[in-house]
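Take a look at the sequence and the fold shown here. The report below walks through them step by step.

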Amino acid sequence: MPKLHSVRELEEVRTECLKQSKTSKPCLTVCAGSGCQAAGALDVLKGLRVALERAGMQDAVDVKSTGCHGFCEKGPLMIVWPEGTFYNRVTQRDAKDIVASATNGRKPVERLLYKDPTTGERVVREDEVPFYARQQRVLFGNNGRIDPKNIEDYFRVGGYQTLATVLLLKTPEDVIQEIKRSGLRGRGGAGFPTGVKWEVCRANPAQPKYIICNADEGDPGAFMDRSLLEGNPHSVLEGMIIGAFAMGANEGYIYVRAEYPLAVEHLRVAIRQAEEYGLLGQDILGSGTNFKIKLVQGAGAFVCGEETALIASIEGRVGEPHPRPPYPAQKGLRGKPTVINNVKTWASVPQIINRGADWYAAIGTARSKGTMVFSLVGKINNTGLVEVPMGITLREMIYEIGGGIPKGKKLKAVQIGGPSGGCLPASLIDLPIDYEALTQAGSMMGSGGMVVMDEDTCMVDLARYFMEFLEEESCGKCFPCREGTQRLREILARICAGKGKEEDLPVLEEMSWMIKETSLCGLGQTAPNPVLTTLRYFRDEYETHIRERRCPAKVCRELIAYEIEPTLCDGCHACVQVCTTDAILGEKKKVHTIDSGKCIKCGACLEVCQPKAVLVT
Amino acid sequence: MSEGTSVEEVLQSTSDDSEDLIPILQEIQEKFRYLPEPALREVSRKLNVPLIEVFHVATFYNCFSLEPVGDHVVQVCLGTACHVRGAPRVLDRLLRELNLPGPGTTKDCQFTVRSVRCVGCCGLAPVVRVDASTHPAMTQAKVKGMLKKYRKNGRPESEADRG
């Protein structure tokens with residue numbers, strides 16, 4: 001590919017790419033994000049290629065692997081262009097029919113179309129699926145259209161057009177003002193106004209300046225940054241280049257989790273392609289701007305999502321945070337002004353500059369602007385990634401987009417904001433989701449992980465789970481977080497084991513506030529949130545564990561027992577085969593019983609029992 | 001250690017900037033599948049970073065191991081979505097099948113079991129990752145069959161019946 005020396009040359013390449021796409025042939029795009037790959041997307045791709053070859057159509061139809069579409073529950077997903085026919089749960093065996101349909105009569109393969117669970121009707125296009133209908137996909141919209149390893153594909157959807165406009169027509173101050181006016185706030189969790197941060201960095205006379213993309217997405221239950229990096233890496237690079245121009249930075253870093261091999265690979269390819277085109281490097285498009293990006297892989301430490309810890313990690317040290325101020329924009333990487341933004345923040349930048357601050361500010365609520373990406377997971381029918389305007393209610397998220405709770409169970413709680421977020425009860429279902437409303441309810445936006453829980457989730461066990469996580473991930477530098485999370489976990493584990501005491505609850509509360517107020521960094525300051533919110537909204541569950549030695553959700557192992565209901569048992573023997581401790585007695589075709597002395601309460605029998613005769617008491 | 005590569009050889013191509021300590025350790029970990037002590041000493045000398053600091057970094061980050069790992073690394077995701085969909089039971093079952101008291105390496109060095117926090121496949125929870133392949137929607141009943149595919153005396157893994 002040719003190195004571009006001016007904005008005009010970029011325009012020529014882009015126009016050429018657009019022209020090609022208008023005359024292009026039918027294209028079968030298969031989602032090859034991590035989720036769909038695990039469900040077999042690569043086999044589907046292989047199958048499609050083989051089927052096309054057999055039909056002699058390999059030159060008439062394109063096959064493309066794209067990034068994540070978000071509807072992971074129904075993967076592998078694919079779309080047939082130009083019609084936009086949306087297929088779900090595709091397997092290799094379906095390849096022949098898909099190819100036949102795409103090359104002949106073009107009648108969609110009925111059985112692969114999404115079936116609306118309420119109406120039972122099949123829908124043809126992606127935007128007709130209820131999961132997508134309520135979404136506004138500003139950042140994720142192009143994921144299903146482009147091959148992330150192909151920069152020309154990004155050109156075809158208007159990519160790098162904003163960069164050209166910025167370099168040609170705008171001053172750094174214009175860009176910063178535009179970002180400020182848009183109301184964009186950091187998408188990594190804390191929600192600090194992005195434009196303000198940029199302004200501070202720009203005004204700082206120290207040189208050199210650095211910008212960093214924080215892709216150390218450590219929150220369990222959140223995978224939107226991964227999907228964006230995998231599916232549309234150039235959108236993040238374009239945002240960073242614009243940011244570098246606005247702030248006068250010459251060097252950028254992308255700090256990405258090593259647990260995301262596909263994102264690392266796609267980023268490597270994207271950076272190399274951008275360099276080859278001259279969109280990264282010296283004198284970008286003849287503008288005099290110099291900017292390069294280095295990819296740094298995280299080494300597995302949750303605390304490195306905290307910006308000062310992340311900087312320490314890039315400098316080759318252990319990821320221990322230091323107190324702020326000084327903020328990184330004043331004194332960051334190697335002591336120089338540094339701006340760190342989340343993946344989604346960077347990817348929002350080209351959209352805002354391109355479509356204008358007013359357009360962006362019109363989306364969302366008074367103080368939280370734009371769209372937010374959530375990963376909707378847990379006990380929910382439509383698991384996946386969801387991009388919605390700020391201010392949408394939990395009800396809309398869970399019932400309209402998420403399709404409700406599986407197996408007709410009742411919603412109990414929603415955990416938002418990662419391990420240090422909070423658990424909100426079903427009674428807050430009409431809460432509009434924005435930064436302020438969530439903080440007020442005791443939770444936080446965090447990175448946008450949204451874990452839905454039904455009546456089978458024990459809230460005390462969940463608080464214990466989060467505390468175990470935070471205890472492990474506490475870096476150990478400051479005392480309140482290191483010792484505090486450990487003590488909280490010990491008390492919670494004791495309550496789960498049926499050994500809780502009345503005085504445990506006030507101790508939990510007091511210690512939580514102490515940790516919040518005295519910890520050094522964001523990790524410790526938010527670590528007690530799961531304990532505080534579960535105590536605030538589900539105190540009765542704690543009390544039942546302590547006073548009645550009972551786990552209402554029947555989760556805590558020490559407080560439950562397994563039994564077989566004789567009237568339901570058909571003696572099929574399935575439970576006997578999975579029991580590893582020989583705790584189930586009984587001959588085939590006769591009623592079985594469980595020897596509670598041998599039973600280790602693993603629940604394997606419950607999993608396999610067809611007539612639902614295994615009961616938890 | 002893998003045959004034919006020595007610590008010196010790995011270090012020949014790496015930088016001697018102390019900022020690159022983590023990527024260098026990552027490279028050693030990838031080549032040897034753990035961080036052998038002589039390698040840590042060599043890195044300390046080359047980068048002019050005190051050994052205690054190299055050790056600090058090597059033990060701080062989860063991706064480094066000071067012990068050799070088994071032929072197959074089994075990672076059980078204990079992220080929130082996997083947790084509420086039953087991952088702890090799958091982990092327990094796996095440990096029982098492999099006769100391990102807790103996460104670690106089996107006596108025959110065939111498997112190393114680790115728990116990880118979120119591999120980002122929450123839509124398919126609970127998830128177990130063996131080496132590079134992901135096994136979605138795991139249940140206790142599937143554990144035995146999954147292990148069989150990787151055991152030395154078991155049949156080789158087949159693409160068609162993953163998960």
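## Chain B at a glance

This is a predicted model. Chain B has 163 residues, and 37% of them are buried. Its C-alpha atoms fill a box of roughly 50 × 35 × 30 Å along the principal axes.

Chain B holds 7 helices and 5 strands. Read from the N terminus, the order is α-α-α-α-β-α-α-β-β-β-β-α. Now take the contacts in chain B with a separation of 6 or more: 61% of them link residues 24 or more positions apart.

## The sheet of chain B

In chain B, 5 strands form an open sheet. Their order is 2-3-1-4-5, and the pairing is mixed. Which strands stand at the edges? They are strand 2 (104-105) and strand 5 (133-135) of chain B. Each has a single partner strand, so one side of each is left without a neighbour in the sheet.

Strands of a sheet pair through backbone hydrogen bonds, and they may run parallel or antiparallel. Strand 4 (residues 128-130) and strand 5 of chain B run antiparallel, joined by 3 bridges. Within this pair, V130(B) stands opposite S133(B) of strand 5. A helix also packs on the sheet: helix 6 (residues 87-97) of chain B. Helix 6 touches strand 1 (72-77), strand 3 (111-116) and strand 4 of chain B. The direction of helix 6 makes about 150° with that of strand 1.

## Where chains A and B meet

How many residues does each chain bring to the contact? Chain A gives 45 residues and chain B gives 38. Several elements of chain A each supply at least two residues to the side that touches chain B. Among them are helix 2 (34-38), strand 11 (371-378) and helix 18 (459-473) of chain A.

## Two crossing helices in chain A

Helix 11 (residues 233-247) and helix 14 (residues 343-355) of chain A have axes that come within 7 Å. The axes cross at roughly 75°. That makes helix 11 of chain A roughly perpendicular to helix 14 of chain A.

Which residues meet here? From helix 11 of chain A they include S235(A), V236(A), M240(A) and I242(A). From helix 14 of chain A they include V343(A), W346(A), P350(A) and I353(A). The contact between helix 11 and helix 14 of chain A has 9 nonpolar, 4 polar and 1 charged residues.

Methods:
Residues numbered from 1 in each chain as written. Chains lettered and ligands numbered in written order. Predicted model: local features only at pLDDT ≥ 70, side-chain atom pairs only at ≥ 80, totals over all residues. Pairing = 2+ DSSP bridges. Helix = DSSP H or I, 4+ residues; strand = E, 2+ residues; numbered from the N terminus. Contact = placed C-beta atoms within 7 Å. Axes fitted to C-alpha atoms, helices over the stretch in contact; angles between N-to-C directions. Buried ≥ 20, exposed ≤ 12 C-beta atoms within 10 Å, placed from the backbone. Parallel < 35°, antiparallel > 145°, perpendicular 65-115°, else oblique. Nonpolar A, V, L, I, M, F, W, Y, C, P; charged D, E, K, R; others polar.
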